[in-house]
Amino acid sequence: MFKTISSAVVLSLAGLTTVAAPSWALAPSLIPAPVSAMPAEGVFRLDPTTVVRVPPGDAEAARAAAYFTDLIRRTRGLELAVSDEPGAGIVFERNEGGAEDAYGLAVGPGGATIVASDFGGLLYGGVSLWQLATAEAGQGSVEIAATTIEDAPRFGWRGLMLDSARHFQSIEMVRDLIDVMAMHKLNVLHWHLTDDQAWRLEINAYPRLTEVGAWRQQAGAAGFDANGEPLLYGGFYTQDQVREIVAYAAALNITVVPEIEMPGHALAAVVAYPELGSVEDLPDAVFTDWGVFPWLFNIEDGTFAFLETVLDEVMALFPSEYIHIGGDEAVKDQWEANAHIQARMVELGVADESELQSWFVRRIERHLNAAGRRLIGWDEILEGGLAPNATVMSWRGIDGAIEAARMGHDTVLTPAPVLYFDHRQSNSPDESPGRGAVISTRDVYAFDPAPDALTEDQLDHILGVQGNVWTEHIRTEERLWDKLFPRMAAVAELAWSPPHANDWASFAARLPDQLDRYEALGVTHATIWLEPMLSLDLADEGADEALSVSLSSEFGAGEIRYTTDGGDVTSDAAVYEDAVIVQPGAVVRASTWLNGAAVGREREWTVTRRDAVTRTSHQLAQCVGGLVLALEDDAPRGPGTDERAVLVTDILNPCWVYEAAPLDGVTMVTAHVGSHPFNYQVGAARDSVPLHPMATPEGELEIRLDSCEGPLIGALPLAPAVDNDGITVLTGAIAPQDGRHDLCLRFTRDSVDPIWAVERITLGGRERP
């Protein structure tokens, strides 16, 4: 299982004509693109009288047919009958000797035939037929153009990692996610169940893991109710719920690979059972902080007995070939300071703490191997020597994958940041919280899962590709869906389609059909990244009161069409090419167009001079850009709402630049500011966060000219903001300047906690209403 399938595979499928040359571009509605697709004569009419036929007694074919008919019902409103009687219609057939998950699909005037040797192939053949049936959105009967498709996956591991430790998702959400994975031909759900912030899996032998380790208090004001009482947040999955999820996934050809973190990311377990830790001074509750913690499991025999018992229960729940043990970000300070561990290292003949981690991983691997399972871990398990049979999941770029493959070990590619879906997808202020770097669907699609540094033999060790969604900054399930899709559609094509199909123009052309399917199925997905964003500035000198409008998007395909008089954006609207000059009060409307149709929402702005001299934190540049996050302001949750302001902040150097600010006539500024708790474990980096001397007891927002070492031209005292959990509006004077200058915006303070942040800043004065 999970072995790479060569893209050169040509399927031998009974009753179908072999296609010599790939022609995936002729199947514009399919994501992921197939190995080959050739048009044929005629059409097949899918209507309420169509019968779906399966071989008698073939439970897997019946299950694949049921998934297909359910998709048709939910998207086209057709209730199709399933029969094991021979006849015309949509026929699921078996053949012998086909590649794993491969299928053939022939559509003609008399019906459609799906042929495969295994359940995965039958399932995915049905998915492709459903996509052909939904190439045009709408309900009721549909005509499907005659087509012959032969298809097989490029990689055997086509994965998604779900982090349920940092924020908890409902069982219903996990089931729904599995459903949507299947329609993308994804087959591995990597489930991140334990971490410093929570232990989410019920373990019968150690009940305190969930009684204590599954609960924490949120940071800052969000951690208290209206009466100031602490609020606990959390949850866990019972073993019965896990069995249900594993079975549900298996019924859709998806393997659930559990992750139980060790030796690091162990705080939740150590808080529950302090004897497992490496130091005596332990917290008495799970921390609410993010980042890399120092708490590691110790290396006592009793701790290994604990871990092996846990893993035994895990293996009883998850029949997957692989068990993920984490192995990442294991800060060794506690091992270095523990005299008993140091003495034990001498007994073991271990040279340093990295080798000790390798010894730790090897011991765990022996236990897994004895049970017929394989160990997989993050690329840090390479340090100190790789366990004999381990598989490496490369996240710190692709170097770990290259090293593992050269050593003859299997590997899965999941590099940050491009396959980390907690990142923002655009610079739009409408984006939900996440990491600061922008990773659009186009960026994901551009990733090459076949490193040039590897030989053909070494490339065979790449099992596949995986997208990861870490949830530190993704509190809600709606936001989680938004972060995942359609970026996971790009991962699906990277993992399934042959290399020649990696063509952004083709993928972009096929994407609107996929977005329509999401809409029909109720799958929340991001559209901001493909929609126009507006940037507003004062027009050049001599243009009187005119404003300069710039439009852009992260889509990288099609064109932006717009109007400036409030009119509808149609196919006749102007195509955006360069900045447009308008007068204050103009109503600008814009949308992205591809192949003669609008994609995503139409956006509308009424532009004002105030907006032209306002920059939000999403628009301001970062002074340094060390660890940039889009964070929610730490305001209490109001009645009926769960929304707070989102502030883009470099938590290691909160400092912003208003680039080329037009300062003629400006005598004052208005700043909207908020704060976050500094709930980050960043080691020595915390000590390097700059603190600037305060001129007032509560500190102030400094405004400096041209650079952060430039002259101070204004300072807005923070006193009105210190007792406000929400956004505070500060107004103050600045020294008059001529022309355009960069403005450095930073806070004075005597502590890193809280993090003060700029939500927006507006220039004002006699000539700036």
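## Aromatic cluster

Tyr445, Trp504, Phe507, Trp529 and Phe555 are joined into a cluster by ring pairs. The model described here is a predicted one. In total, the structure contains 31 aromatic pairs.

## The pair of tyrosine 103 and tryptophan 496

A pair of aromatic rings is described by the distance of the centres and the angle of the planes. For tyrosine 103 and tryptophan 496, the ring centres are 6.5 Å apart and the planes stand at 35 degrees, so this pair is tilted. Tyrosine 103 belongs to strand 5 (residues 103-108) and tryptophan 496 to helix 15 (residues 487-496), so the pair ties together parts that are 393 residues apart in sequence. Tyrosine 103 and tryptophan 496 are both buried.

## The pair of phenylalanine 304 and tryptophan 359

The ring centres of phenylalanine 304 and tryptophan 359 lie 5.5 Å apart with their planes at 85 degrees, so the pair is edge-to-face. This pair also links distant parts of the chain: phenylalanine 304 is in helix 7 (residues 301-317) and tryptophan 359 is in helix 10 (residues 353-370), 55 residues apart.

Phenylalanine 304 counts as buried because its relative accessibility is 0%. Tryptophan 359 has a relative accessibility of 17% and therefore counts as buried, the cut-off being under 20%.

## Charges over rings

Tryptophan 496, one of the partners in the tilted pair, also has the charged end of lysine 185 over its ring, 5.7 Å from the ring centre. The charged end of arginine 175 is placed over the ring of tyrosine 248, at 4.0 Å from the centre of that ring.

How values were computed: Residues are numbered from 1 along each chain as its sequence is written. This is a predicted model: local features need pLDDT of at least 70, side-chain atom pairs count only at pLDDT 80 or more; totals for chains, interfaces and linings use all residues. Side-chain values use heavy atoms; hydrogens and water are left out. Rings of Phe, Tyr and Trp (its six-membered ring) pair if their centres lie within 6.5 Å; planes under 30 degrees apart count as stacked, over 60 as edge-to-face and the rest as tilted. Helices (H or I, at least four residues) and strands (E, at least two) are DSSP runs, numbered from the N terminus. Buried means under 20% relative accessible area, exposed over 50%, partly exposed in between (1.4 Å probe, protein chains only). A charge sits over a ring if NZ of Lys or CZ of Arg is within 6 Å of the ring centre and within 35 degrees of the ring normal.
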